[in-house]
2 protein chains.
Amino acid sequence: MQTANVGQDSNNTAPAPAHQQVYHQLRESILFGDFTPGQPVTIQGLVTELGAGMTPVREAIRRLTAEGALEFQGNRRVTVPELNAGNVDELIIAREALEPALAQRAAERATAEQIAALEATDLQLDRAIEHGDIPAYLRLNYEFHAQLYAIAAAPILTQIADGLWLRFGPSLRVVCGRMGTQNLPDRHKETIDAMRLGDVEKAREAIREDVIQGMVQIREALYPATA
Amino acid sequence: MQTANVGQDSNNTAPAPAHQQVYHQLRESILFGDFTPGQPVTIQGLVTELGAGMTPVREAIRRLTAEGALEFQGNRRVTVPELNAGNVDELIIAREALEPALAQRAAERATAEQIAALEATDLQLDRAIEHGDIPAYLRLNYEFHAQLYAIAAAPILTQIADGLWLRFGPSLRVVCGRMGTQNLPDRHKETIDAMRLGDVEKAREAIREDVIQGMVQIREALYPATA
DNA sequence: CAGGAAAAAATTTGATCATATTCTTGGCGG
DNA sequence: CCGCCAAGAATATGATCAAATTTTTTCCTG
């Protein structure tokens with residue numbers, strides 16, 4: 001959400017608390033596919049791997065568990081969730097409901113600069129797709145939507161939508177790994193055009209299609225049999 | 001979500017971890033109005049009040065912060081969030097999007113027993129409204145919706161919808177305290193009737209109206225000026 | 001004698017606590 | 001009125017205890 005100074009402390013600002021740093025690191029790892037669905041996540045493993053204390057790691061894990069990015073396995077174990085077909089359907093419902101609302105608000109508020117920045121991200125995204133650079137694709141695709149959220153200026157809706165990315169991030173990574181980046185069309189250009197023209201309804205619809213298209217692709221890749 | 005054994009350990013089962021117990025206690029306190037919007041929540045206060053250790057309390061707070069039930073004030077302070085008019089609007093959007101979807105799924109799946117249980121809850125709710133029993137009203141109103149979520153069998157959507165209750169719970173309490181329970185009509189009867197008849201669309205619409213009605217009432221009570 | 005299931009020991013991991021450290025804040029003196 | 005200092009609260013650490021998993025051992029059966 002807020003861009004806290006995750007790194008070293010600049011001149012006067014205090015460094016971010018360790019638990020926040022750990023949280024952000026873990027979050028990125030989950031979002032951009034350093035973890036695979038089903039993978040166990042151990043506290044002690046992270047403690048040694050990140051060189052952090054036990055308490056910050058525990059807190060970061062709790063936070064991510066609450067966001068649905070990790071799953072409490074009952075027996076004190078925590079794993080990266082594996083999505084079943086029903087879960088994907090739920091995510092489709094949720095994203096189809098939320099993202100168009102955010103896009104609409106963004107279209108109503110966007111300045112020319114913000115739209116330009118959006119387009120810049122999308123161009124980088126195109127390049128990543130051309131090069132088949134999956135990590136860059138995942139990052140920039142998320143970045144595009146995150147920029148849209150920021151423009152929408154709706155903190156609660158944004159937090160919820162962001163949480164959804166955490167849920168399907170690991171699976172998206174798997175799907176991309178299988179299919180490459182070529183067959184991943186989006187509706188970003190249409191969205192940007194609509195925003196330039198101030199056509200709120202069209203922007204809303206473009207994002208709706210973008211989201212559904214992407215989610216259905218995940219579902220088809222993971223569960224081809226299911227209708 | 002899952003009904004862990006929060007209390008003493010029954011014969012063979014291990015007692016729930018302290019951090020979960022603390023989480024559930026805090027959660028209830030927030031949901032049913034033991035905390036008021038803006039109220040600061042201190043770790044040490046909870047440690048002494050609940051007689052729990054510091055680590056479990058910290059973890060519970062982190063979890064509730066991630067769910068939006070508490071707010072990180074930046075300077076290490078945590079408070080119960082105060083909703084502004086825009087926040088309420090966002091909550092309306094989110095609930096209007098999610099609850100009908102859940103109601104639809106519930107209507108598609110409900111057994112006669114489940115509908116009967118729903119009706120029983122609603123009758124208790126009516127009694128609480130008659131008696132002006134605000135705590136009971138808050139509890140049973142939530143219970144009604146929670147039962148609906150359970151029937152819908154959609155864990156992700158349920159978790160998100162549940163999180164929304166945590167966000168407006170404290171404010172709902174304030175509104176009820178101001179207006180009493182009399183002027184709080186709902187569409188529960190219509191919902192139950194529609195479910196009995198298997199009229200999925202009507203159930204969806206009834207819940208949609210129920211939710212909007214309730215949320216608009218909160219908005220009007222807190223921010224009368226705003227359209 | 002080999003294979004395998006059950007039991008027991010060992011190791012790994014999670015939960016909690018007491019304590020030290022760091023940061024914020026409110027009051028006091030300049 | 002501004003800056004410094006002390007009190008209090010939050011953060012972080014490492015130790016300790018408990019639970020779960022894994023490995024080893026044992027014993028029985030074919």
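**Salt bridges and a helix contact in the predicted model**

The side chains of Glu96(B) and Arg208(B) form a salt bridge, with an N to O distance of 3.1 Å. This pair connects distant parts of the chain, since Glu96(B) belongs to helix 4 (residues 85–109) of chain B and Arg208(B) to helix 9 (residues 200–222) of chain B, 112 residues apart. Glu96(B) has a relative accessibility of 29% and is therefore partly exposed. Arg208(B) is likewise classed as partly exposed, its relative accessible area being 27%. The model is a predicted one, and the values reported here are computed from it.

A salt bridge is also present between the side chains of Glu28(B) and Arg139(B), again with 3.1 Å from N to O. Glu28(B) is located in helix 1 of chain B and Arg139(B) in helix 6 (residues 134–152) of chain B, so that parts 111 residues apart in sequence are tied together by the pair. Glu28(B) is partly exposed at 36% relative accessibility, and Arg139(B) is partly exposed at 41%.

Between the chains, Arg58(B) is paired with Glu59(A) in a salt bridge whose closest N and O atoms lie 2.8 Å apart. The pair runs from helix 3 (residues 54–66) of chain B, which holds Arg58(B), to helix 3 (residues 54–66) of chain A, which holds Glu59(A). The two partners fall into separate accessibility classes: Arg58(B) is partly exposed, with a relative accessible area of 24%, whereas Glu59(A) is buried, with a relative accessibility of 2%. Buried residues are those under 20% relative accessible area, and the value of 2% for Glu59(A) therefore places this residue in that class. Over all chains, the count of salt bridges is 24.

Helix 1 of chain B, in which Glu28(B) lies, also packs against another helix of the chain. The axes of helix 1 (residues 18–31) and helix 7 (residues 155–179) of chain B come within 7 Å of each other and cross at roughly 55 degrees. The two helices are therefore oblique to each other. On the side of helix 1 of chain B, the contact is made by Arg27(B), Ile30(B) and Leu31(B). Helix 7 of chain B contributes Asp162(B), Trp165(B), Leu166(B), Gly169(B) and Pro170(B). By class, this contact comprises 5 nonpolar residues, 1 polar residue and 2 charged residues.

Methods
Residues numbered from 1 in each chain as written. Chains lettered and ligands numbered in written order. Predicted model: local features only at pLDDT ≥ 70, side-chain atom pairs only at ≥ 80, totals over all residues. Heavy atoms only, no water. Axes fitted to C-alpha atoms, helices over the stretch in contact; angles between N-to-C directions. Helix = DSSP H or I, 4+ residues; strand = E, 2+ residues; numbered from the N terminus. Parallel < 35°, antiparallel > 145°, perpendicular 65-115°, else oblique. Contact = heavy atoms within 4.5 Å. Nonpolar A, V, L, I, M, F, W, Y, C, P; charged D, E, K, R; others polar. Salt bridge = Lys/Arg side-chain N within 4 Å of Asp/Glu carboxyl O. Buried < 20%, exposed > 50% of the residue type's maximum accessible area, 1.4 Å probe, protein only.
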